[in-house]
Amino acid sequence: MSALLEVSGVSVTFDGFRAINNLSIAIGEPELRAIIGPNGAGKTTFMDIVTGKTRPDTGRVTWGERSLSLLGLSESAIAREGIGRKFQKPTVFEAQTVRDNLRMALKNRRAPLDVLVWRERTDDTARIEEIAAEIGLSAHLPRIAGELSHGQKQWLEIGMLLAQEPRLLLVDEPAAGMTPAERAHTTDLLKRAARTRAVVVVEHDMEFVRRLGCKVTVLHEGAVLAEGSIDHVAANRDVIDVYLGR
Amino acid sequence: MTATVTAPAGAPPRRSLIAQNPSILWFLAILATFCFGVTFLAEATGTGAISTSMVKTLGKTLCLCLVALAMDVVWGYCGILSLGHMAFFGLGGYAIGMWLMYARTEIIVAQSLAEATLPPTEAEIRDGIATQIFGVVGGNEFPAVWAFAHSLPAQLAMVVLVPGLLALVFGWLAFRSRVTGVYLSILTQAMTLALSLYLFQNDSGLRGNNGLSGLQNIPGLESLGQDVISIAFFWASALALALGYLLFAWIVSGKMGSVIRAIRDDEARVRFLGYHVESFKLVVFTLTAIVSGIAGALYYPQAGIINPAELAPIASIYLAVWVAIGGRGRLYGAVIGAALVSLLSSWFTGGGAPDVDLGVYTVQWTDWWLVLLGVSFVLVTLFAPKGLGGLVDLIAERRAPQRVGDYGPDKSALRREEGPPQGGEE
């Protein structure tokens, strides 16, 4: 299996602090992958690098069949390449309706003129309805997104990611602050999404990761500490020392 | 095949621009009523109850409403607090003013030279015009910027091109460096100040602090009185305002409107959706600059004179104040704010308002108007962020987001009280 995303030998330093240290990770397609690690392990910085928010000092980040380098592309260009990102805090456009939020995220041409003359076609409407059903917000399409509960906002954001039809989904702590029932729904959403695409979940919560039942990468001090099934890494001595056994 | 026919049940039918923005019909109806009312009362076309100078004031107000619309789109919708849009307005005025002044001076010079024994050569006429126009700043030759001043179509193109290109270049430099917020405002302010200081110089080629004058005289239309010309410009301004309203209503509705409001609220998130934020800002900034230029080109022939003080930073700050008082983020709010505040301003500063005798002190509105304006601006900002346009919400009881702000993870414990998650499968 050739990798969809390949991060190799990446290092980044902030004011002398080495946030990422010679990190190498490869993600296949389709694949569900969990990345765990204690605070400051570099999980969010890893996402920042892949999505173009942070430029690494050294290393390569390549993407897709043509091994396109993502370094040097703008955030929006990377997003158009097919990498979607969900932030830790739900960031939806609160002043606009759920429908408007999804419509904006729909995979369509993104240049200003295309957006100006764009008109919603029947299949666009159908796609919006389909995603709304998937994330359980069908009844809430006309609502202002700011009125949604925390969990609903998280799902809306996941729905916006799905609407982008990305090949790789980067999800930062999707279950933070959710009730057990909401967590179960979120797990299902992510598992379903990972059937056809690559999904990388950054998570703190071991129980949630266990429920995802996927390959796990443990980060520590900006490098990979262990990789494998959840039971495999949970048995790893180093992992227990730095993370599980605190 | 239309979506309304084939849309699945439950899908909203595709709605026309007017259905999405009921304010358009209201706006056009009120504007038309106002225009016919003024025409009926004007000196040239009606009873004469409204003086020609009042018609000019009202026409100018319509132009100010148009530039306020542009400001509302760039600031209220897209979140770019530009403090330079009155500079684009002024540049539009200068562009049309150059032709007005040239063509009119040409007629005067040709008349005076016609009495000479020999018919004047073209060079003589041109020298005569140059001496007439630039004598006041000690010059007698045309600067390079006047190269096309003899041509009305060329200067009309300049009305669009000069503000448009300036905005394009300035915006491209500022947005690609990701200058945002108050820093961008300062940058636009600096641009305005630099432009105004440059125009104040006598060798700027635009008559320094004298500016361009006599613009109310339209070459070729000398036979018509100012009463007729004023009503013509009044209607032209109203038409421009109506078209501007339609144009901006189209832009801020639909997906384009969604994207630019999203840029205002969280531009980083919009980038991760795959939109190139800088291009969108540049389009909005340039387009609004062009509309401002057109508004200026209609304003200054009614004002009769333009000088560099019109481009001073304070003018652009007033523009922001009008939009804030009228209500940001709604087009009619900008129109209400600009019309009300600019008319009140000319009433107070023009000596129309009676002085208030407090016994120990007499409040003279010419001095105190700015204080009143400043206080109202502060009060509106603090207590009525929706501005005067927000009153319409009270009447229409429009739904507005009640819960804005971040409900972070720690608040979610409340979910238990709110009931089970909607539509989720457990």
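Student: Which residues of α14(B) meet which of α15(B)?

Tutor: S345(B), F348(B) and T349(B) in α14(B) meet W365(B), T366(B) and W369(B) in α15(B). Two residues are in contact if their C-beta atoms, placed from the backbone, lie within 7 Å. Helices are DSSP runs of H or I with at least four residues, strands are runs of E with at least two, and both are numbered from the N terminus.

Student: How does that contact divide by residue type?

Tutor: The α14(B) and α15(B) contact has 3 nonpolar, 3 polar and no charged residues. Ala, Val, Leu, Ile, Met, Phe, Trp, Tyr, Cys and Pro count as nonpolar, Asp, Glu, Lys and Arg as charged, and the others, Gly among them, as polar.

Student: What should I know about the model and the numbering?

Tutor: This is a predicted model: local features need pLDDT of at least 70, side-chain atom pairs count only at pLDDT 80 or more, and totals for chains, interfaces and linings use all residues. Residues are numbered from 1 along each chain as its sequence is written, while chains are lettered from A and ligands numbered from 1 in the order in which they are written.

Student: At what angle do α14 and α15 of chain B pack?

Tutor: About 150°, with axes 8 Å apart, for α14 (residues 331–349) and α15 (residues 365–383) of chain B. Axes are lines fitted to C-alpha atoms, for helices over the stretch in contact, and angles run from 0 to 180 degrees between N-to-C directions. α14(B) and α15(B) are therefore roughly antiparallel. Under 35 degrees counts as roughly parallel, over 145 as roughly antiparallel, 65 to 115 as roughly perpendicular and the rest as oblique.

Student: And α3(A) with α6(A), parallel or antiparallel?

Tutor: α3(A) and α6(A) are roughly parallel. Helix α3 (residues 98–105) and helix α6 (residues 150–163) of chain A pack at about 30°, axes 7 Å apart. On the α3(A) side the contact is V98(A), N101(A), L102(A) and A105(A); α6(A) brings L156(A), G159(A), M160(A) and A163(A). That contact of α3(A) with α6(A) has 6 nonpolar, 2 polar and no charged residues.

Student: New topic. Which residue does a cis peptide bond join to P30(A)?

Tutor: E29(A), with omega about 0°. P30(A) is in the loop between β2 (17–27) and β3 (31–36) of chain A. Most residues other than glycine have a negative phi, and most peptide bonds are trans.

Student: What phi does D15(A) have?

Tutor: A positive one, about 45°, although D15(A) is not a glycine. D15(A) sits in the loop between β1 (5–14) and β2 of chain A.

Student: Is D15(A) buried or exposed, and why?

Tutor: D15(A) counts as exposed because it has 5 C-beta neighbours inside 10 Å. A residue is buried if 20 or more other C-beta atoms lie within 10 Å of its own, exposed if 12 or fewer, and partly exposed in between.

Student: What about phi at R207(B)?

Tutor: Also positive, about 65°, and R207(B) is not a glycine. R207(B) is in the loop between α8 (181–200) and β1 (212–213) of chain B. With 24 C-beta neighbours inside 10 Å, R207(B) counts as buried.

Student: Which residues does L168(B) contact, beyond four places in sequence?

Tutor: L282(B) and T286(B). L168(B) lies in α7 (residues 152–176) of chain B. L168(B) and V283(B) are 115 residues apart in sequence but 8.2 Å apart in space, C-alpha to C-alpha.

Student: Last one: how many helices and strands in chain A?

Tutor: Chain A has 10 helices and 10 strands. Buried residues make up 50% of its 246 residues.
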